[in-house]
Structures are given as structure tokens and as C-alpha cells.
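Please walk through this protein with me, from the overall fold to single residues. Keep the model open as you read.

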Amino acid sequence: MQRFSSNMAAQRRNFMQSPHQSWTDDLPLCQMCGVGTAPNCVYGSDGKSTQSHPNEDGHLRFRGEDGCFLYGVFNGYDGSRVASFASQCLTAELLLGQLNSSHTDNDVRRILTQAFDVVEKSYFETIDDALAEKAHLSNYLLPHNELSPQSQKVQERLKELEQEVSGGATAVVALILNNKLYIANVGTNRVLLCKSSSDGQNQVLQIGRPHSTDNEDELQRLAALGVDSARARQAGQIAGQSSTRRLGDYRAKFNYNEIDLLSVAKTRPIIAEPEIHGSLSLDGVTGFLLLMSEGLINALESAHGPEQANQEIVAMVAAELAQQTSLEAVSQSVVERVKRLHHDVYVSGRQRATYCSRHEDMTLLIRTLNYPLADAALTPTQGGRIYPVSVPYSNSQSTSKTSVTLSLVMPSQSTLTNGTNTASTLEEGTPTPGQSPTATLQSTNTQTQSSSSSSGDGSLFRQRGSQAAQPDETGRVPPYVDFTQFYRLWGGDHSDSQSTQGGLGPQ
């Protein structure tokens, strides 16, 4: 694993510099997942968006040998170099014979940890020469040379070198081996696992916590190194980023003693060591796995608050899975939903609009687990389309579990599941054409407790039994929000207003 020779460094440097070469060109892509992306943007006063920098996110989705699958989402910053390098190098360190079905859980965790270590060291080897030149030229700049032509050339070269070596990335990686799931996380991306049970309950589990200054374990780790954890929590960011673990970022790794908050650390405080979760058995599991970049999470939480973000994204995915016929379309549609939601909150001028003036790059990777896609041949009255999704929020205190009701029609004919025909494997309880089962999502977040608030007690939502409203001859169903009370109140206020203006309203 330890391949740090000068020849290897030169080879990796060449790969980094060539956009047409990749270590992973010959690996097959996994067809059981889809990826959706959206670039960053800043909104103007007119609501129009402008992209402020090229997309810096990255992802991977490969099928290896021996029943091995590898997925990853990388959130780059200050350039896409680290995210791009990590997505290629990490794949090469995991899918070129390093893993096989005979490995134990401890073996897999060790290999994952070693792979991240190799990626980190290999990346810094690719910028060794640039860092050395940068250090040499920095020593050349003396105060009395600041205005000389030679000094100006040196400053220009230093700017070029800084662009070449700066930047970093956070990463979340999912590995499936022997039908067991392993998660390796470095930073502030997020993983959700949605599992559907035989009784119609869907459990949503957030695997792990973000490595940020809100993470008590991370604050304790920093405090053990001498860092003032109270200052770190208050600052919210360390060396310009919210993550306490990251790949690359030479300033936070090698020059941390020049950063005020980190200068007292006994050793390197910002690390690339992954937190490994698993294994989790996927035997008999029906559902889907979500890997999300920090930009996607932040955009959704900025628009609606953090309390229901997991439930909302899962509801969106379930809705699109019932409507779309490809996972690529599902993933992209969900990202577009979040993007549109974020934009609409900004232009609305509502309370949360101030949090939605911009968003970063967004990436969503969806991996289905025996979960059916919609059948393109079905018509609206044959169960091939989604019907309104009801998400009744409660203003009562909630702990780790929150119920979200989804009313939707699932495809019922011979349906492609993970690329195979599952007509013979569908259970007897599968809805027939025209049926609309109601599923309940129970979101389990074992890390934090939160309260979700809304106006009222959710009475605007029509209460449905086990059978949702049926479509009429046009394929429409009654609205899932009952506006009767709203119209009655509005009509009364409107009538009073008209009376005060001369009685012009209807009597």
C-alpha cells in the first residue's frame, strides 16, 4: 500500500495534469445508482442567479469484483483538484484487488483507513515541487525588494503557485462488500439509509455526524491537542472551513501554527483520518442509500431549517422514485427540487430569505436497494405516477423519531429493480393498479434531538386512511391540503375590509 516512490509521484502528477487520463477508466460504472448535481450560485436583487466559481464537487460510483461496490461524494473548495484527485486515487486504492469477500469487518475498516492515508500523502506528493518553489520564492521577497521588477515577477509567480497548491475536500464513501455496508466519512457531507419494512414502515437512519465545531467528539479531540474548544465552537470555522477533518489543504495541515486558533496545538489538529461506520447488513433490505454533499444539505436547511431536512430529502427521493424511470433522472430531479426551493424562499422575502442569498455546489448520489422504479408504460390511472405527498409537521416536541406520511402510487407491473425484472419477486401486498398505499417514514437520528415547529397542528392536511384518494377520469386527485378554513377566514376579512371602504364587496 505504501507506494511513495518518486516514479509513482511523477506518474500521479501526470495523471493530475491530464484531463483525459484516469486510473479508473477501465472500471465498470454501477448501474444501480444515479447522481444529480447543480453548480453554486449567488442571487441578485432580481432573483437571477450567477455562478461564482466552477463546480468543485466530485463523485465516484464503481462496481468492482467479488460483489464489491464503491460510491463517494467529495465536496471540494478553493478548486476541484483535491476532490478530483481523491475520487480517482481512492478508487485505485480500494478496487484494484485490495478487497475481497474473505475480508473480515476489521480488515475492511483497516483497508479503508489506509486508503485515505495513501490518498492524503499521495496528493501532497503531487504538489511537493510547487510547495518547495513557493517556500523558496517567499524567502526571496525582502522588504527592500518590494518595488523592483524582479520582485513583482516573484509575486506573480507566488500567486500562480498558491492557486496550484491551495484547496481541499471533504469526502464520504460507501462500500458494499458481501452485502454489508461500510461508511467512511471525512468532513461535513451526509449519509442517509432508508429501509422499508414489510409492514410499510420506512426507517431513515443518518449514519454518522459531520466533523465540525458542533460535534462534541471533535471538540474533545481538538481540546486534547491544546486547542481552545470554546473558541473553536464560537468561531464556527477553522482556516476558512467548517470541517475539522478534510483532505488536502496544506495551510491547515503544514502551517497550522500560523493560524491563530490552531497555533497552540501540540500536533496537526486538522486530519484526514476517516470515521468508519459498519458493517451494516443489507440482507433483505429494501430501500435506498443517499450520499449528499454539504452544499445540498446546507441549501435545504437554509430554506426550511435543519429540523426536518432528512425527512424532506427522503420524501423527495421517494416521490421521484415513484415517478421517474431512471435513477439518473431521480437524482437530478431531487437536486433541482432543492435548488428551486432554495431560490423560491429567497425571492419570497420571508424570514429565512436572508439565509438563502447563495448556495454552494450540490451533489446527490442515490443507490437503490431492491427498490422499484416507476414503469414508464403506466398511465396516471394505472399507478405509474406519484400523487400528492403529505408531510404533516407537528409542533410538539420530537426526539429521535418523526413520522412523515407519504401518499403515493407505486408501480405494480413487472418493474425494473436495480436493473433486473422483479415481477416474480413482488410480495402479495404489492398495490394493484389504481391503489395508492400510504407509507410512513420514521426518521431515526440517534445523534441529536430536535423540535419541529409549524403554524397550527397540521389540521390543514387532509386526514387519510390506509387508502388514499383515487384519481378521477382526468387522472387528478383531490388536493392534499384543505384550504376551506383559509378561504372562510380570508372571505370574512375581505368582506370586513370592503365594508370599511364603502361597502363595495358582495353582501
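Contacts between residues 24 or more positions apart make up 73% of the protein's contacts with a separation of 6 or more. The model is a predicted one. The protein holds twelve helices and 18 strands. It has 507 residues, and 48% of them count as buried.

Take the helix pairs next. Two packed helices are described by the angle between their axes and the distance between the axes. Start with helix H2, residues 81-94, and helix H3, residues 105-126. Their axes come within 9 Å and cross at roughly 135 degrees. That angle makes H2 oblique to H3, because it falls in neither the roughly perpendicular range of 65 to 115 degrees nor the roughly antiparallel range over 145. The crossing of H2 and H3 is right-handed. Which residues of H2 and H3 meet? From H2 come Val82, Phe85, Ala86, Cys89, Leu90, Glu93 and Leu94. H3 supplies Ile111, Leu112, Ala115, Phe116, Val118, Val119, Ser122, Tyr123 and Thr126. Sorted by class, this contact of H2 with H3 has 13 nonpolar, two polar and one charged residues.

The second pair is helix H9, residues 294-304, and helix H11, residues 327-348. Here the axes also come within 9 Å, and they cross at roughly 40 degrees. H9 is therefore oblique to H11. The H9 and H11 crossing is left-handed. On the H9 side, the contact is made by Leu296, Ala299, Leu300, Ser302, Ala303 and His304. On the H11 side, Val338, Leu341, His342 and Val345 take part. The contact of H9 with H11 has seven nonpolar, three polar and no charged residues.

Stay with H9. Is this helix largely enclosed or largely open? Nine of its eleven residues are buried, so H9 is largely enclosed by the rest of the structure. The buried residues are Glu294, Gly295, Leu296, Ile297, Ala299, Leu300, Glu301, Ser302 and Ala303. Two of the names in that list are glutamates, Glu294 and Glu301. After H9 comes Gly305, with a positive phi near 90 degrees.

His359 has 4% relative accessibility, so it counts as buried. Among its contacts are Ala299, Lys339 and His342. Ala299 and His342 also belong to the contact between H9 and H11. Other contacts of His359 include Pro39, Asn40, Cys41 and Tyr43. Neighbours within four places in sequence are left aside here. How far apart are the C-alpha atoms of His359 and Asn40? They are separated by 5.5 Å, though the two residues lie 319 residues apart along the chain.

Now turn to the loop between helix H7, residues 229-235, and strand E10, residues 247-248. Thr244 lies in this loop. At 1% relative accessibility, well under the 20% cut-off, Thr244 is therefore buried. Leaving out residues up to four places away in sequence, Thr244 touches His211, Ser212, Thr213, Glu218, Arg221, Leu222, Ile238, Pro269, Ile270 and Ile271. Arg246 is in the loop between H7 and E10 as well. Its relative accessibility is 0%, so Arg246 also counts as buried. The C-alpha atoms of Arg246 and Ala171 are separated by 7.5 Å. Along the chain, Arg246 and Ala171 are 75 residues apart.

Last come the backbone details. Most residues other than glycine have a negative phi, and most peptide bonds are trans. Where are the exceptions in this model? Asn178 has a positive phi, near 55 degrees. Asn178 is in the loop between strand E6, 168-177, and strand E7, 180-186. For Asn179, phi is also positive, near 60 degrees. Asn179 too is found in the loop between E6 and E7. Asn178 is partly exposed, with a relative accessible area of 32%. Asn179, at 34% relative accessibility, is partly exposed as well. The peptide bond between Gly278 and Ser279 is cis, with omega about 20 degrees. Ser279 belongs to strand E11, residues 275-281.

Notes:
Residues are numbered from 1 along each chain as its sequence is written. This is a predicted model: local features need pLDDT of at least 70, side-chain atom pairs count only at pLDDT 80 or more; totals for chains, interfaces and linings use all residues. Side-chain values use heavy atoms; hydrogens and water are left out. Axes are lines fitted to C-alpha atoms, for helices over the stretch in contact, and angles run from 0 to 180 degrees between N-to-C directions. Helices (H or I, at least four residues) and strands (E, at least two) are DSSP runs, numbered from the N terminus. Angles under 35 degrees count as roughly parallel, over 145 as roughly antiparallel, 65 to 115 as roughly perpendicular and the rest as oblique. A crossing is left-handed if the near helix is turned anticlockwise from the far one by less than a right angle, and right-handed if clockwise. Contact means heavy atoms within 4.5 Å. Ala, Val, Leu, Ile, Met, Phe, Trp, Tyr, Cys and Pro count as nonpolar, Asp, Glu, Lys and Arg as charged, and the others, Gly among them, as polar. Buried means under 20% relative accessible area, exposed over 50%, partly exposed in between (1.4 Å probe, protein chains only).
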